[in-house]
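Hi,

Here is the structure I promised to pass on to you. Have a look at it first, and then read my notes below.

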Amino acid sequence: MHDTHHHISDDLIDAYALGRLPQAYSLVVAAHLSLCDTCRARADALDMIGGALMEASDHEPVNPDLRANVLNALDDPAYKPAPAPKGSGPFPAPVMAALKGAPPKWAPLGMGIRQHILHEDQGGSVRLLYIPPGRAVPHHTHRGLELTLVLQGAFSDSEGHFQRGDVQTARDDLMHQPIADAGEVCICLAATDAPLRFKGWIPSLLQPAFRI
Amino acid sequence: MLRVDTTPSYDAWQGDTALALHAVRDGIMECEEIVDDTPKIKDTTFNETTRWLIAVRDHRDKAAFAKLFDYFAPRLKAMLSRGQFGAANADDVVQDVMLRVWHKAAQFDPHRAEAGAWIYRMARNRQIDVIRRTPPPSPEDMPEQVSDEPDAVQILALEQEGERLRQALAALSPEQRQLLEQSFFDDLAHSKISAINNLPLGTIKSRIRLGLERLRRELKDLR
């Protein structure tokens, strides 16, 4: 169904599945797993290890009251978990959850490019980027790791051509200039662990104001 | 007090992975050499836990659910009681996870997961949620099973791969096993290592992919 060409590395999927990845990257991984069977299979295979370890682990007796509570609560609608969010348009379920079910509120970055910051903490930040057809995202460098997942449209840069479901993994100091394909707005989900540094576009003084 | 670390560092993870590759490569390589023969149906029944979960899913079978509870709750509690997570947290998560098993059973697809793997993931997510005070982003739920004709060959093939995985795990040294348990069970900030790259995951991944593709194919037929 999905013909993904650019995947997420196994070590990042492992880190995600084991809860070792900061929230910003975890969101990109979860969104990619929603679109890519190959990587979803890796994550599910890790769960098989977890399940096998759990089943082979020690037993610790459970309080009989807890057992009775659970069995008595089966028909009680109060204990029914809230339904998981559903994907909508270009946004897979985990992105809709991060958007709290509402459409993105785009903030202009200049040159027609817009962003919506979904989450940021000390471990990194993650945003939606809106890039008009044929438009280039200015040259930028970054420290650490940048993950960019295409949700709609496509872009190209020196590393290749990226379409819906594809992830570009850029490590330290890769200098790159993604250019959106002509024809369709390109929407990406991008996580970084440090502020982006643009070359000769937004003056660096303004970067704190844009939080990029 | 539970240690809250909302910002695990990616650099630390990379270091751990590199360590793990050197530390754990010995000893389990032979497990990867098992020949992948065509799956044979030895008997026509699945693992007990999978059967119970299917009975819960398809028939809302409370007796089967009680069996699942009695099998999994003590194991979940042991997994969750490690480290600094604490007995009270463990009880809360056990209760929450077992109720989710009941309510989310429609999501269970035996072509893609064993019952234990499916339940492990729910427990791990709830554990991460409690530790970080925010739920981890989860991939989109797969559409519910639309066919009531399970592909027994595929389910049994996945179970056979699970059996191989269990053999490989049993062959690990106690130290290696402990490292894996830390990675899969413990407080996230403290888990040090992942030995997973040396486990026989290749065919498991292929089986799970088949399960995903089967589901997508069925949905397509339905439209």
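Let's start with the inside. The largest nonpolar core has 103 residues, and Val28(A) and Val29(A) are the ones with the most contacts inside it. Helix α3(A) gives this core its largest share, 10 residues. Keep in mind while you browse that this is a predicted model.

What does Val29(A) touch, once you leave aside its neighbours within four places in sequence? The list is Ile8(A), Leu12(A), Ile13(A), Tyr16(A) and Leu21(A). There is also a second, separate core of 5 residues, and among them are Phe46(B), Ile155(B), Leu156(B) and Leu158(B).

After α1(A) comes Gly19(A), which has a positive phi, near 75 degrees.

Next, pick out Leu128(A), which sits in strand β3 of chain A, residues 124-131. Why does Leu128(A) count as buried? A residue needs 20 or more other C-beta atoms within 10 Å of its own to be called buried, and Leu128(A) counts as buried because it has 22 such neighbours inside 10 Å. Leaving aside neighbours within four places in sequence, Leu128(A) is in contact with Pro104(A), Gln115(A), His116(A), Leu118(A), Ile187(A) and Leu189(A). Another pair you can check is Leu128(A) and Phe91(A): they are 37 residues apart along the chain, and their C-alpha atoms are separated by 10.0 Å.

Now for the place where the two chains meet. Chain A brings 64 residues to the contact and chain B brings 65 residues. On the chain A side, α1 (10-17), α2 (23-35), α3 (37-56), α4 (64-73) and α5 (93-98) each supply at least two residues. Sorted by class, the side of chain A that touches chain B has 34 nonpolar, 15 polar and 15 charged residues.

Last, chain B itself. How many helices and strands does chain B have? There are 8 helices and 0 strands. Of the 223 residues in chain B, 40% are buried. If you take the contacts in chain B between residues at least 6 apart in sequence, 77% of them join residues at least 24 apart.

Happy browsing!

Technical notes:
Residues numbered from 1 in each chain as written. Chains lettered and ligands numbered in written order. Predicted model: local features only at pLDDT ≥ 70, side-chain atom pairs only at ≥ 80, totals over all residues. Contact = placed C-beta atoms within 7 Å. Helix = DSSP H or I, 4+ residues; strand = E, 2+ residues; numbered from the N terminus. Nonpolar A, V, L, I, M, F, W, Y, C, P; charged D, E, K, R; others polar. Buried ≥ 20, exposed ≤ 12 C-beta atoms within 10 Å, placed from the backbone. Core = buried A, V, L, I, M, F, W, Y, C linked by C-beta atoms within 7 Å.
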